[in-house]
Amino acid sequence: MNPQYPFLNPFLTTRSLHPENQETPIQFIENDIVNNLFYRRNHFSYPIFSYSHYWLPLSGSLIKPQLISMQEMLRLPSKTIKVVLECSGNKRSLFEPRVFGEQWEKGAISQGYWTGVPLKTILNISGVKEEEIKEVVVEGYDYGKRSDLDKVYTYARSLPIEKALHPDTMIAYAYNHKPIPFQHGFPLRLIVPQWYAMASVKWIKQIKVIDHTFKGPFQTIDYVYYPNKDDNNHSFPVTTINVNSTIQKPLDMEVIQTGKHVIKGIAWTGKGYIKNVEISTDQEKTWSRARIENPNHSGYDWTTWSYEWTVLEKGEYKIMAKATDSYDRTQPTLPFWNRKGYGYNAIDEINVKVE
Ligand SMILES: Nc1nc2c(c(=O)[nH]1)N[C@H]1C(S)=C(S)[C@@H](COP(=O)(O)O)O[C@H]1N2
Ligand SMILES: [Mo]
């Protein structure tokens, strides 16, 4: 058994116990990698399966359908990349009008180093017929009844072939240079950089290459933007992470003294990289650039930023942070409201009192 037991971690913020949904205390994350404070998002109970006889089945439109052993997996050329995983429901509790679903605040996000084999490599050695196929379905070991459909499903999702063959879409076997903790997908997990984390399927049970579109409920019912409250018109799938930022310091509603303060936080995007972060402390009358501390043009990880604020007048202040990425996508004043509450990325704000 993986040595990462017991599950309980008193430093995570619990949203639900069964299944286990817990937030990273993102305001207190100081390192650029998150280890045991990684948020947890589960649709079902943790799965039980045999790790010692673990094989990965690949089937469908392949010249050589096969079972890949862990040993073979570890022998294939690997890569290590730092990736943000953000739940598409991150910040859902901030939508107005409010929406139903897990009431995530700002901590359904984490990042670290994932090591694994590109999915492309594995599809290639199985003789993928690129012209004939449309999607790659990745299924997890976890399963349970969906109350809306009154039927048992496993957690499974597909990727369009272009995303499946992207060189950085990978089957990971290590996180921060150790075996993946069980809660996060041990022994193998899909990692899809730049997409919201529902795509990064944990505990991979099998991979199927198909010539049609997969219609599983985790992509036809959930993880779909529904712009209207009362009908499903104009819906479209949740994919790429929106440009976003979170203020870590000071804390929301903190009481601070007059003088110098460092406002700090993180910013991230699923397209390009973070170009700048601006701060306003005067109700958007003026915006000033924060200092980007670790510019990273790979764009798969978050950037940390800081801003030195000198405040001499006592009173109540709203501190706002607005990130812009290299595609000139910028955080909007109002979020894109959608019925299931995905992709919240309005300008981040907190309030402080200066005494
Ligand atoms: N097998 C499986 N994979 C899954 C899920 C799941 O419930 N089962 N949840 C998805 C969602 S919605 C998110 S946000 C991330 C959460 O990953 P974590 O628990 O490692 O933080 O895993 C994704 N992959
Ligand atoms: Mo998620």
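Author: A residue counts as buried when its relative accessible area is under 20%, as computed with a 1.4 Å probe. By that cut-off Y342 is buried in this predicted model, because its relative accessibility is 4%. Y223 is likewise buried, its relative accessible area being 5%. These two tyrosines form a tilted aromatic pair, with 5.3 Å from centre to centre and 35 degrees between the planes. Y223 belongs to the loop between α4 (217-220) and β13 (224-225), while Y342 belongs to the loop between β22 (315-325) and β23 (348-354), so the pair ties together parts of the chain that lie 119 residues apart in sequence.

The aromatic pairs come to 22 in number when ring centres within 6.5 Å are taken to pair. In one of them the rings of Y46 and W203 have centres 5.8 Å apart and planes at 85 degrees, so this pair is edge-to-face. The pair links distant parts of the chain, 157 residues apart, with Y46 in the loop between β2 (21-23) and β3 (55-60) and W203 in the loop between β11 (189-191) and β12 (204-210). Y46 counts as buried because its relative accessibility is 17%, and W203, at 1%, counts as buried too. Both residues belong to a cluster linked by ring pairs, which also takes in F49, Y51, Y54, Y141, F182 and F186.

Charged groups also meet aromatic rings: the charged end of R339 sits over the ring of Y226, 4.5 Å from its centre, and that of R146 sits over the ring of F218, 5.0 Å from the ring centre.

Key: Residues are numbered from 1 along each chain as its sequence is written. Chains are lettered from A and ligands numbered from 1 in the order in which they are written. This is a predicted model: local features need pLDDT of at least 70, side-chain atom pairs count only at pLDDT 80 or more; totals for chains, interfaces and linings use all residues. Side-chain values use heavy atoms; hydrogens and water are left out. Rings of Phe, Tyr and Trp (its six-membered ring) pair if their centres lie within 6.5 Å; planes under 30 degrees apart count as stacked, over 60 as edge-to-face and the rest as tilted. Helices (H or I, at least four residues) and strands (E, at least two) are DSSP runs, numbered from the N terminus. Buried means under 20% relative accessible area, exposed over 50%, partly exposed in between (1.4 Å probe, protein chains only). A charge sits over a ring if NZ of Lys or CZ of Arg is within 6 Å of the ring centre and within 35 degrees of the ring normal.
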